[in-house]
Amino acid sequence: MAEAQSGPSNGRKRKYRSDGVSPTWVKRTIEGPGIWATCVKGKEKGTVGELYDLFESLAADMWPVEGYDSPANDRDNGSDADENEDDLETQIAKEVAALKRPKVEKRFANCLTNTQCVIFMSCKPPVDPVKLVMQHVDNVQKTGVTRTKYTHRLTPVSGTCVANLPELHSLCRRTVAAYSAQDNSEGSPRARKYKVELRMRNHNTLTRMEIIQEVAKCMPSNYTVDLDNPDVFVLVEVFKSTFGMSIVEDYYRFQKFNVMELANAHNEPERFEKGAGRVQDKKQEDDSGTV
């Protein structure tokens, strides 16, 4: 009976896991710089696919690699092949050239989270997750087009580490030093006002206050806390035993990097002010005695 159940069909590896994520796309651990994404519940698989396409397209424009074609270029090449479909020699030459083209290592990898609605995409150099997300949210705010269907919020982290105080302190020092060096490249150190934006998921080892205090210890002396009108935001993401952080600007202006909110704000035909809208019109009809 046991032998009958262990036939070739049962021994075949499943293409997708029970939560819809392809095992060929995932890394077992969350590591390196990357981007946290939240999505519609039950649409994790679709979100991973659309983020791969989006990030690869943006990275191809921001950090072009010789010998690498973006998805848009692949579609253009496909249309050219259709035009020359009668020329077999041309098609064969293109296929041979494609085979000889050096393979480019993938710059993004989906890391296993085992949590609904939460996805982490790790990035490899030269991709900068902060610049990538800032470029995308700026595009969404200007055009109202998200280029994704299920993605809600994107949170970049410049690095990750184990969620304990010594590792946290070391990562904070490195992240702050890198940002300060970039921020002060044009002259003397600038005084900045900052705010820590902390989000914790499935973590109960460290308290919020312990994390915030440790992050504050790593900030430069010319940085002061301002919860109402900060210049920069220290984004801190704690997920299970992983700690990640980055320093960004215009976090509130870009709706906390929620691309759906940015698109809705852009595409809204008019903002309902006082005395406008269907509810107010209905009230006016009732007041006038219409039945």
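Q: How many helices and strands does the protein chain have?
A: The model is a predicted one. Of the 291 residues in the protein chain, 38% are buried. The secondary structure of the chain consists of ten helices and ten strands.

Q: Among contacts in the protein chain between residues at least 6 apart in sequence, what share joins residues at least 24 apart?
A: A contact here means heavy atoms within 4.5 Å. Counting contacts between residues at least 6 apart in sequence, the share that joins residues at least 24 apart is 76%.

Q: What part of the accessible surface of the protein chain belongs to carbon and sulfur atoms?
A: The accessible surface of the protein chain is about 17800 Å². The part that belongs to carbon and sulfur atoms is 50%.

Q: Which element gives the most residues to the lining of the largest pocket?
A: The largest pocket has a volume of about 490 Å³. Its lining has 21 residues, and D128, V130, Y179, Q182 and I247 are the closest to the pocket centre. At least two lining residues come from each of helix 6, helix 7 (165-183) and strand 10 (242-248). The element that gives the most, with five residues, is helix 7.

Q: Is H136 buried or exposed?
A: H136 is part of helix 6, which covers residues 129-143. Leaving out residues up to four places away in sequence, H136 touches L54, L58, T146, L154 and V259. Its relative accessibility is 2%, and the cut-off for a buried residue is under 20%, so H136 is buried.

Q: How far apart in space are T148 and L51, C-alpha to C-alpha?
A: T148 lies in the loop between helix 6 and strand 5, and it is buried because its relative accessible area is 14%. Beyond residues up to four places away in sequence, T148 touches E50, L54 and V259. T148 and L51 are 97 residues apart in sequence, yet their C-alpha to C-alpha distance is 7.4 Å.

Q: How many disulfides does a search of the whole structure find?
A: A disulfide is a covalent bond between the sulfur atoms of two cysteines. The pair must lie within 2.5 Å to count. The number found in the whole structure is zero.

Q: Which cysteine has the sulfur nearest to that of C117?
A: C117 is in no disulfide. The nearest cysteine sulfur is 5.4 Å away and belongs to C39.

Q: Which element supplies the largest share of the lining of the largest cavity?
A: The structure holds one cavity of 30 Å³ or more, and the largest cavity contains about 40 Å³ of space. Its lining is made of W36, A37, T38, R153, T155, R199, R201 and E237. Strand 2 (34-39), strand 5 (151-157) and strand 7 (192-201) are the elements that give two or more residues to this lining. The largest share, three residues, comes from strand 2.

Q: How many residues of the lining of the largest cavity are charged?
A: Two residues of this lining are nonpolar and two are polar. The number of charged residues is four.

Q: Which peptide bond is cis, with omega near 10°?
A: Most residues other than glycine have a negative phi, and most peptide bonds are trans. P126 is located in the loop between strand 4 (118-123) and helix 6. The cis bond, with omega near 10°, runs from P125 to P126.

Q: Where does D250, with its positive phi, lie?
A: Phi of D250 is near 55°, although the residue is not glycine. D250 is partly exposed, because its relative accessibility is 32%. The place of D250 is the loop between strand 10 and helix 9 (259-267).

Q: What is the phi of Q255?
A: Q255 is in the loop between strand 10 and helix 9. Q255 counts as partly exposed because its relative accessibility is 35%. Q255 is not a glycine, and its phi is positive, about 55°.

Notes
Residues numbered from 1 in each chain as written. Predicted model: local features only at pLDDT ≥ 70, side-chain atom pairs only at ≥ 80, totals over all residues. Heavy atoms only, no water. Helix = DSSP H or I, 4+ residues; strand = E, 2+ residues; numbered from the N terminus. Buried < 20%, exposed > 50% of the residue type's maximum accessible area, 1.4 Å probe, protein only. 1 Å grid on protein atoms, 1.4 Å probe; cavity = no way out; pocket = protein on both sides within 12 Å on 5 of 7 lines; lining within 4 Å. Points joined across faces, edges and corners; volume = space filled by probe spheres on them. Areas by Shrake-Rupley, 256 points an atom, 1.4 Å probe, with all protein chains shown as cover. Nonpolar A, V, L, I, M, F, W, Y, C, P; charged D, E, K, R; others polar.
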